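Please look over the sequence and the model below before reading on. The paragraphs that follow lead through the fold, its charged pairs and some of its loops.

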Amino acid sequence: MLFDTHTHLDSYKFDEDRDEVIQRAKDAGVHMLVNIGFNRETIPTTMALAEKYDFIYAAVGWHPVDSIDMRPGDLEWIEQLCSHEKVVAIGEIGLDYHWDTSPKDVQQRVFREQIRLARKVGKPIVIHNRDAHEDVIRILQEENAAEVGGVMHCFSGSWETAKQCLDMNFYISFGGPVTFQNARVPKEVLKQVPLDRILIETDAPYLAPHPFRGKRNESSYVSLVAETASQLLGKTVDEIGAITTENGKKCFGIV
């Protein structure tokens with residue numbers, strides 16, 4: 001039994017075979033998914049998926065790349081959606097200094113606003129962090145994000161950064177990149193994270209694991225992430241599935 005804690009199955013890249021992709025995930029043992037709605041276009045499609053499938057949950061938030069497009073009413077919209085029974089987190093939110101689409105000050109303001117909203121509604125947060133480790137950690141600390149905790153999505157930082165996140169009540173989530181043959185740092189971090197704080201994900205359709213690197217990712221491939229984790233941690237795939245499923249349910253408050 002596997003839990004893909006971060007996926008985008010509403011993406012247009014699945015428009016021609018979405019039902020088949022979801023069925024393949026189920027056939028691969030994936031019994032829970034969190035689909036991420038991260039802007040004005042993907043929040044409604046994420047909610048539609050969560051309402052259609054009983055094993056798909058939703059996270060809603062505003063991605064840093066799109067933060068320049070966020071309006072005051074959008075934050076109120078996210079707050080309203082947080083009362084929906086299938087919405088389990090606010091995200092993905094954070095900072096992205098790789099893509100130059102939104103100014104850093106705008107990204108940081110939108111990030112702070114959503115952390116404050118998460119604390120107001122009592123939801124965990126899903127963090128997107130690309131080339132912005134120091135500012136992400138600083139803002140999480142300044143905004144007392146430890147009060148709600150959440151997920152460091154597709155973690156790519158050092159063990160030192162991971163420890164700071166663990167201290168703030170965050171789970172460390174690993175996706176396709178940990179399976180890459182040259183992924184020395186993610187593999188070393190995975191081996192050091194406490195078992196009760198590890199999550200696995202795909203980020204489908206992005207970041208497909210080995211041997212599908214560079215191709216379209218899908219939720220069934222989370223089994224390949226579990227296989228890598230099992231090899232690194234000396235556990236069976238079933239044990240990794242059980243551990244990370246229990247962690248995911250605890251993180252997102254799923255009974």
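In what follows, a residue counts as buried under 20% relative accessible area, as exposed over 50%, and as partly exposed in between, with a 1.4 Å probe and protein chains only. The model is a predicted one, in which local features need pLDDT of at least 70 and side-chain atom pairs count only at pLDDT 80 or more, while totals for chains, interfaces and linings use all residues. Residues are numbered from 1 along each chain as its sequence is written, and side-chain values use heavy atoms, with hydrogens and water left out.

The description starts with the sheet. Helices (H or I, at least four residues) and strands (E, at least two) are DSSP runs numbered from the N terminus, and two strands pair if DSSP finds at least two bridges between them. On these terms, 8 strands form an open sheet with parallel pairing in the order 1-2-3-4-5-6-7-8. Its edges are strand 1 (2-7) and strand 8, each of which pairs on one side only. Neighbouring strands of this sheet are turned against each other by 30° on average, direction ignored, where axes are lines fitted to C-alpha atoms, for helices over the stretch in contact, and angles run from 0 to 180 degrees between N-to-C directions. Strand 5 and strand 6 (residues 150-152) run parallel and are joined by 3 bridges, and Val126 has Val151 in strand 6 as its bridge partner. Helix 4 (residues 104-121) packs on the sheet, where it touches strand 4 (87-96) and strand 5, and its direction makes about 160° with that of strand 4; contact here means heavy atoms within 4.5 Å.

Side chains of opposite charge can pair when their charged atoms come close. With a salt bridge taken as a side-chain nitrogen of Lys or Arg within 4 Å of a carboxyl oxygen of Asp or Glu, the structure holds 17 of them. In one, the side chains of Glu142 and Arg112 meet at 2.6 Å, N to O, and this pair links helix 5, which holds Glu142, to helix 4, which holds Arg112, across 30 residues. Arg112 is buried, because its relative accessible area is 17%, whereas Glu142, at 47%, is partly exposed. Arg112 forms a salt bridge with Glu143 as well, the closest N and O atoms being 2.8 Å apart. Glu143 lies in the loop between helix 5 and strand 6 and Arg112 in helix 4, so this pair ties together parts that are 31 residues apart in sequence. Salt bridges that share partners join Arg112, Arg116, Asp135, Arg138, Glu142 and Glu143 into one network.

Most residues other than glycine have a negative phi, and most peptide bonds are trans. Asn169, in the loop between helix 6 (159-167) and strand 7 (170-174), has a positive phi of about 75° although it is not a glycine. In the loop between strand 8 and helix 8 lie Pro205 and Pro211; the peptide bond from Ala204 to Pro205 is cis, with omega near 10°, and the bond from His210 to Pro211 is also cis, with omega near 10°. Asn217 lies in the loop between strand 8 (198-200) and helix 8 (222-233), and Asn217 is buried, because its relative accessible area is 0%. Not counting residues up to four places away in sequence, Asn217 touches several residues, including Phe14, Ala204 and Pro205.
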